[in-house]
Amino acid sequence: MGRKLDPSKKEKRGPGRKARKQRGAEVELARFLPPVKEQVSLHKEKRAVKAAGQTSRGQSGFSDDNSKWLAPAKAKQIPSKGNNVELSSNGEVEEESWEMEEEDGSSEEVMDDYGVSSSEEEELLPIEKAALKQTSDRGGLSEDDSEEEEEVAEEASRQKTGQKEEENLDLQLNLDVDEQFKLPSNEQIEREDILFIFFLPAEPPDLHIIHQRIKGNMEVLQDFGVKREEGRTRQDYITLLRRDMAAYYSYSDFLLMKLMDIFPLPELINFLEANEVPRPVTIRTNTLKTRRRDLAQALINRGVNLDPLGKWSKTGLVVYDSSVPIGATPEYLAGHYMLQGASSLLPVMALAPQENERILDMCCAPGGKTSYIAQLMKNTGMILANDSNAERLRSVVGNLHRLGVTNAVVSNCDGRQFPKVCSNLLYHVLGGFDRVLLDAPCSGTGVISKDPAVKTNKDEKDILRSAHLQKELILSAIDSVNAASETGGYIVYCTCSIMVEENEWVVDYALKKRNVRLVATGLDFGKEGFTRFKDRRFHPSLKSTRRFYPHTHNMDGFFIAKFKKFSNAIPQAQKEPAVEVAMPSVVPDTINMEPQPKKKLEGSKADKGQKPPQPALKKRHSLQAQRRPLKT
């Protein structure tokens, strides 16, 4: 392995004290040292100048003892560092090359603090003198270099700041010159479309230019009356904005049109930006096995950085970073917590299950909400966890076993046929459910950050297909609840979509088709649902529904509505006869008209060649004339 370096022991570099006595050592050491040019030091120059001054004064003709102070004083001439001593032809130093003595005029040798004269330098070896010269030269050069480097750094910083100021000034000048955003011409737009379609691999669109164009377009639309371009309509700006946003954020034109109908333009930009960032990782504490405080301490000891989710949740924790896989810790395998999004906790909180109740989770996979219901019920009562996909039920069974849920029954049925198939079980055996949770399948427009494919693979047919399925499921969920329940009779409908067709339209449809009413969800935050959207008007009670967005609540997009069922009767069979009964009061002869065509048909079968009597035709025409005003 070799010897280890001991920092306490310092190696000797250069000759020591004993080397001065060993005169032959410098010859051997000179082989290993680089050749050094002989240069006269400043100190020797001063000594030579002083010596020359003494000789010149001695020849000047002064004979008395006061020659030192009688000599005329001359201005000091400070030679440069590189000046050498110049001798005249007779061996004397020239007068211009020397500088005056110190003010006291003493020509004695300089003594150091210990009383040693400077002449001792002559005893130093040539190697030591060369080393001293090198250190002195390096010191001077290092100081000069450091000063030069500082000056260069200052100049560079000044240049950078100057460039930034110039760029800012250029931008400000450009903004001042081009105060109004100008729409590109049709030729430019067509050219960009051609480049985008045919030269996509080689020349992709410049996203920076598109982003700047979106900002400028937004500024014009916010103050359209002042900043708009003459001859351009608002629709031109909106069309260009939708096209640019589709190119910059990679959305389909259909989905962007839907989002522009829901959000104002500034909020739409925030929503699109929020979908590009993943939502924070959240976990739910399983209080059937541990407490949140104990779980947080155990995870912190394992290197997990976390905080409580919020004041609205007593079991949630948000995880910022972790040195261990958060889904493979011993606590996770022991069932102490469940990886679950923050928005998935809200429907169960709105449902508010009570102990010893019968609860149906109609679309339960992967089991996060089902286990949360069991946790709030403290493993009492009964939970029927149903899902139409048998493969997804495997994860439900695994999570329920891991989390220690013992009051759940797992079933694989179609939720739309649930009341018909399980009618005997519901009403004769169980007496109906007290509460039902319906997390309906949807288009997933609220979880684009998890599934970016939603940006382009959804169209109008997908939205309408999901809405139709949701209408069937919500009627089935309402029919499964017993309105006579002492503690329940509630239905919670939720989706991870923000489309109005899948949320408010479905809720308004359920209010018309069943004896239910909307009640408060019990959630203190969230935006109210729409009571009007474009040309449609919904029931005013839809204000009690709640919407959650990623750009405002930092969680997945979600919609929650809570119903209260007040009658088990289905009103659909009662509304149609009521409309028909109101008609005879205006036209009393309409009741007698129904059997007459049957008699006429029977007569036509018996006597095909005979024509019906004319009085019957007159009576029919009179009745038709009476019906016409009613239709208008």
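The model is predicted, so to speak of local features a pLDDT of at least 70 is needed, side-chain atom pairs count only at pLDDT 80 or more, and totals for chains, interfaces and linings use all residues. Residues are numbered from 1 along each chain as its sequence is written, and side-chain values use heavy atoms, with hydrogens and water left out.

**The sheet**

- An open sheet is built from four strands in the order E2-E3-E1-E4, with antiparallel pairing; strands are DSSP runs (E, at least two residues), as are helices (H or I, at least four residues), numbered from the N terminus, and two strands pair if DSSP finds at least two bridges between them.
- Strand E2 (304–308) and strand E4 (337–339) are the edge strands, each pairing on one side only.
- From one strand to the next, the twist averages 35°; axes are lines fitted to C-alpha atoms, for helices over the stretch in contact, with angles from 0 to 180 degrees between N-to-C directions.
- E2 and strand E3 (residues 316–322) run antiparallel and are joined by five bridges, and Pro308 stands opposite Leu317 in E3.
- Helix H15 (residues 368–377) packs on the sheet, touching strand E1 (281–285) and E4, and its direction makes about 35° with that of E1.
- Helix H16 (residues 393–403) also packs on the sheet, touching E1 and E4, and its direction makes about 155° with that of E4.

**The annotated site**

- An unreviewed UniProt entry gives a "binding site" annotation that covers residues including Cys363, Asp387, Asp414 and Asp439; such annotations may be inferred rather than shown by experiment, and positions are given in the numbering used here, with feature names shortened.
- Cys363 sits in the loop between strand E5 (358–361) and H15, and counts as buried because its relative accessibility is 18% (buried means under 20% relative accessible area, exposed over 50%, partly exposed in between, with a 1.4 Å probe and protein chains only).
- Leaving aside neighbours within four places in sequence, Cys363 is in contact (heavy atoms within 4.5 Å) with Asn386, Asp387, Leu438, Asp439 and Pro441.
- Asp414 lies in the loop between strand E7 (408–411) and helix H17 (418–421), and is partly exposed at 31% relative accessibility.
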